[in-house]
Each structure stands twice: as C-alpha cells, then as structure tokens.
Amino acid sequence: MKRYSAFAIAREAFRFHSGWERAWKSPTPKAEYDVVIVGAGGHGLATAYYLAKNHGITNVGVLEKGWLGGGNTGRNTTIIRSNYLQDESAAIFELSRTLYEGLSRDLNYNIMFSPRGVLMLAQTEHELRAWKRTSHANRLAGIKSEMVTPERIKEIVPIIELDGPRYPVLGGLWQARGGTARHDAVAWGYARGASDRGVDIIQQCEVTGIDQTGGKITGVQTSKGAIKCKKLCVVVAGSSGILADMAGFRLPVESMALQALVSEPVKPVLDCVIMANTVHGYLSQSDKGELVIGGGSDGFNNYTQRGSFHHIEETVRALIETFPIISRLKQLRQWGGIVDMTGDRSPIIGKTPVDGMFINCGWGTGGFKSIPGSGWATAEMLADGEPRNLAAPFTMDRFKEGRMIDESVAAAVAH
Amino acid sequence: MLMLKCPNCGVTAEETEFAPGGEAHLTRFASGSEDQAFSDYLFARKNPRGVHFERWRHAFGCGKWFHAARCTATLEVFGTYTGQTSTPPDDITAAVKAKRPEWEGFK
Ligand SMILES: Cc1cc2nc3c(=O)[nH]c(=O)nc-3n(C[C@H](O)[C@H](O)[C@H](O)COP(=O)(O)OP(=O)(O)OC[C@H]3O[C@@H](n4cnc5c(N)ncnc54)[C@H](O)[C@@H]3O)c2cc1C
Ligand SMILES: [Zn+2]
C-alpha cells in the first residue's frame, strides 16, 4: 500500500495524479476462509482490520451485499461520545472514542475526527436528574463529562433559546472530548487497512443461506456461490433477523427505520454537537455548512430504509423552538436507515446457538461511535473463540439471565 | 404514510392516530415457566422482512387494541382484524396469500 502524505500529494501534483492506487482490492472470493464476516459496514470492516492487525489472522473474507459502508454506517449523523450510564457500555464506548482520537494516524487515512464537544440538553426536570446521575456514573467510570448550567450553555451555543415555553433548557451534560467523524471515511479507512493486510473484501456478494452440519457452521451460500469457512461472524445491523432466520434461531432484535436530514448549507452557526433527547432532535453542522439533523425512530418493524414523514416534522418542530434561527432553512435531503433495536438498547456481541457462528448486532441508533471498540472486541472474540473482557457482558444470555445493560433509561434514543 | 383501518370503530386513519404494539400472537410464558421460554416470550422476535402480524392500538381514537397483517418490506397493509384472537383469521391469511403467493403461511 502506498502511504498517503503531504509529500504524496505534491508528488502526484507533478504527474497528473496518475500514481494513486486503488484504496482496496476487489478480489474474487476464495473457496474457503478461516473467518467469513457478513456485512461490510463499519463494524464488520473494523473487525476484519483488528483481526489482521492485532491477531495476525488474515485469511478473512468480508462479504457485502451492496457496496461497503452503504448501510447505516453511511447513513448516520456521526455523533461520537462515551458518556453512557452503565459501566459495561462506558468501557467499550470510551475505548472507541480513544481509538477514534488516533485513528487517522493508525489507518493513514483522514477520518476527520472532530472532537468539537457533545452537549446533551436537559429540557425537563426528569432529564436534568437523569444527566446528573449519568455525570456521577461517568466520574466513577473515569470518563470526563460535566454538568453545565444554562448560562454556560448559552456561551457554548450562542444560537440557543434557553427560555422556550415548552422546552426550556434547564442544564446539560457536556462531553468536551466527544464530537463527529466522516462516516464514509471510517468505512473506507478500515477497508483500505484490512485489504492491505490481506483481507478479501467482496462487494455485491449477498449471503443467502447458512450451511451447518450437526449444529456446526461449515460455510455460506452467496450470490457468488458457496464459500466455506471455519468461523462465521454476522455483522449486518438491521438485517440481523434475516440472517438469524437463515441459521434457524431468533434474536432479541427488531428492525426499525431511523431518519436523518440535512438543511441547505449556511455559514458557521454551531461548532459543537447538540442532543435534545426529550424531543428526539440531534443537531450539528457539517464542514460543508449543512445542519445535520437526526430524529427519532419509527415504532414499528420496517425494512424500507425510509421512515414516516411525521417523525421528521416532530423533530424539526421541536428543534425550531430551541433554535429559532434555523426556522427558515430549507431541507436539502432526507433518508433513513434500518436500525437493529434490542430490548435494553445495548448491543449484542457473542456466540449464537450455531457452533462457530458469532454475531455482532443491536447497536441500533447509536453504533457509529462504537465502531473501533466493537471491531476490537469482536476480533478478540473471533481469535479466541470466546467473548473476552469488553464483549463478555454483551452476550445474548443476558436476556435470559436478567442482567440487562439498560441504556434506554439514560437516553431513549442513544445516538 | 401508513394508513390503517381500526376494526373496532371502523375508522380509517393515518398512523399518527395509532400506536404500534409489536409482534402479535405471542404465546405468553410467565412465572413458573422455563427461563428460556420466558426470555423468548419477552424478547425474541421473528422480525421478518415481509409478512408480519402485529398489534396496534387506536390510541387517539377509540383506544382499543386490534391486529394488522402488514409487509415490512413495502409497508403494504393486507388487512386489519380483531384483537380477540390468537391466530390470524382465514380471510386475512387468504388476503396475504393472494398478494404474496410465495408466503409460507402463519407459523
Ligand atoms: C439516521 C441514522 C442516524 C444515526 N446516528 C448515529 C449517530 O449520530 N451516532 C452513532 O454512534 N450512531 C448513529 N447511528 C447508528 C449507526 O449508524 C449504526 O449503529 C452503525 O453504523 C452500524 O454499523 P454496522 O456496521 O453494524 O451496520 P451497517 O453499516 O448497516 O452495515 C451492515 C452491512 O451488512 C450488509 N448486509 C446486510 N445483509 C447482508 C447479506 N445478506 N449479505 C451480505 N451483506 C449484507 C449491508 O448491506 C450493510 O452494508 C445512526 C443510524 C441511522 C440510521
Ligand atoms: Zn378505533
């Protein structure tokens, strides 16, 4: 792999940019792999990258039905934070946030991590108490976050209206080291790094069946033929139920549409990320100047990658009361992704009822921020054959054993 | 936008008038049952891409529960029916079959 650098840009400038090579290879699938990963979203690609980098396992195929990063990874509002309530979540999200800080350098790929700060508004008394509790939990877990007063919020976000009649701003939870990153670049950077280490990323290759003998995984059927494997890891977010059905079991997961939109581009008005959970509104400004707005998810099972219009309307209607300045902006684009929601709003990383088949799913509305840590933990599990350290609390048994990792109390929608 | 007809009061309205209640016709397991059965009842879902039987409540209308057969891949509604049944009635399964010949039937 040719490294990207300021020198490389200068060099290419003198030869009509003829020397750039393809960022990743497009191989034909081998007949067999040690590990097959289904799904080339951020989590699948990061898993492949760390399998190769941390564990030296490179006979790996990543199978993607569409194009890499075309699922939720390429559709999300890119909020990165780690101030979760429960210790288990805090551990994996904080590892992720830390890895994000050094990721551009590690991957030699600019993922545009921007630690611009994430402000979670408290707009009801209940929410104010919930954030105070979270801030104490964060302090105990060694995660830096702090409660801020309305006056301080006005300094951080001058365009905010604190005294809205319906949604007054009573305080907030501020994580200065949270922020955003370029979503496509995260997928592309991991793909380039994994491909360089020998991983085969095969796009336009849909998994249509899962082969097993005597309860043990043997391979997969795909639109490009049968592929054998020793271990299989399914990392397909909203499609997890479909893959589980192919293998003959059910998951504690339901697939729903979550939407986002961007406004027309304007001059800089907002230099941090705002989360207004009471009204399910999320707001940041992209480098192009568009306001990136995320909303709440629909409540019913849905695979259409488009949500109901009234959710967009609700989100925008509420945000306008808190940010009156945005009321005249036009919507430029709107889209949806299919999110995999679990009962406790925490992910699943672990084994499945089929021997040799593993799963990573359930990140729902908030798994962009966790891509590096989740890939790290999933690679560790695939290498060892057992979920270790970070992953261990997130196995599926928790639903049977009653040890939920309840993040839905902390933020009903945890972007 | 999703349109549903409430079989209780006969009103056809937009989804904003209704509240979704998740997968229908679950067998209830409570105290005294096996852990796995109880946990599956609470959490494990079919979550199919295609024909789905589900519960809805006419929250901003008559307030009553009912059932719907709907396609999760297209949002097409095959029909709605009474909440007082533990399996979809024959006319509903026939309506689904007419639109989705490949559908394997209610399981
Ligand atoms: C609108 C929206 C806003 C969001 N905002 C945030 C946010 O601000 N912050 C945050 O942290 N998270 C956010 N999220 C959540 C985040 O996007 C996801 O949790 C995360 O991207 C999931 O990554 P993934 O790799 O698991 O899944 P995906 O990126 O969806 O990748 C799964 C891949 O599997 C492929 N696949 C599916 N079925 C098959 C098959 N049969 N064969 C082969 N391949 C298959 C798909 O094509 C897809 O590319 C948001 C999500 C949405 C939809
Ligand atoms: Zn009614």
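Mentor: Some ground rules: residues count from 1 along each chain as its sequence is written, while chains are lettered from A and ligands numbered from 1 in the order in which they are written. As this is a predicted model, local features need pLDDT of at least 70, side-chain atom pairs need 80 or more, and totals for chains, interfaces and linings use all residues, while side-chain values use heavy atoms, leaving out hydrogens and water.

Trainee: Okay. Why is the pair Y4(A) and W20(A) called edge-to-face?

Mentor: Rings of Phe, Tyr and Trp (its six-membered ring) pair if their centres lie within 6.5 Å, and planes under 30 degrees apart are stacked, over 60 edge-to-face, the rest tilted. The centres of Y4(A) and W20(A) are 5.9 Å apart and their planes meet at 70°, so edge-to-face it is. A search of the whole structure finds 15 aromatic pairs over all chains.

Trainee: And what makes Y84(A) and F93(A) stacked?

Mentor: Their planes are 5° apart, with 3.9 Å centre to centre, and the rule for stacked is under 30 degrees.

Trainee: Is Y84(A) buried or exposed, and how do you know?

Mentor: Buried means under 20% relative accessible area, exposed over 50%, and partly exposed in between (1.4 Å probe, protein chains only). Y84(A) has 5%, so that residue is buried. F93(A) also comes out as buried, at 5%. Y4(A), with 31%, is partly exposed, and W20(A) gets that label with 35%.

Trainee: What makes P268(A) count as exposed?

Mentor: The value for P268(A) is 77%, so the residue counts as exposed.

Trainee: How do you know that the charge of R192(A) sits over the ring of Y4(A)?

Mentor: The rule wants NZ of Lys or CZ of Arg within 6 Å of the ring centre and within 35 degrees of the ring normal. The charged end of R192(A) is 3.7 Å from the centre of the Y4(A) ring. In chain B, R55(B) lies over the face of W65(B), at 4.2 Å from the ring centre.

Trainee: Why do R388(A) and D384(A) make a salt bridge?

Mentor: A salt bridge needs a side-chain nitrogen of Lys or Arg within 4 Å of a carboxyl oxygen of Asp or Glu, so check the distance. For R388(A) and D384(A), N to O is 2.6 Å. R11(A) and E12(A) meet in a salt bridge too, at 3.3 Å. In that pair, R11(A) is partly exposed at 28%, whereas E12(A) is buried at 0%.

Trainee: How many salt bridges are there over all chains?

Mentor: The search finds 20, yet the rule finds 0 across the interface of chain A and chain B.

Trainee: Then what makes chain A and chain B count as in contact?

Mentor: Contact means heavy atoms within 4.5 Å. By that rule, 21 residues of chain A touch 23 residues of chain B.

Trainee: What area do chain A and chain B bury between them?

Mentor: About 1900 Å², 59% of it on carbon and sulfur atoms. Buried area is the accessible area (1.4 Å probe) that two parts lose on being put together, summed over both.

Trainee: Where are the two domains of chain A?

Mentor: The assignment gives domain 1 as 28-78 + 183-252 + 344-410 and domain 2 as 115-178 + 255-342; such bounds come from an automatic or database domain assignment. Domain 1 of chain A and domain 2 of chain A bury about 1600 Å² between them, with 0 salt bridges.
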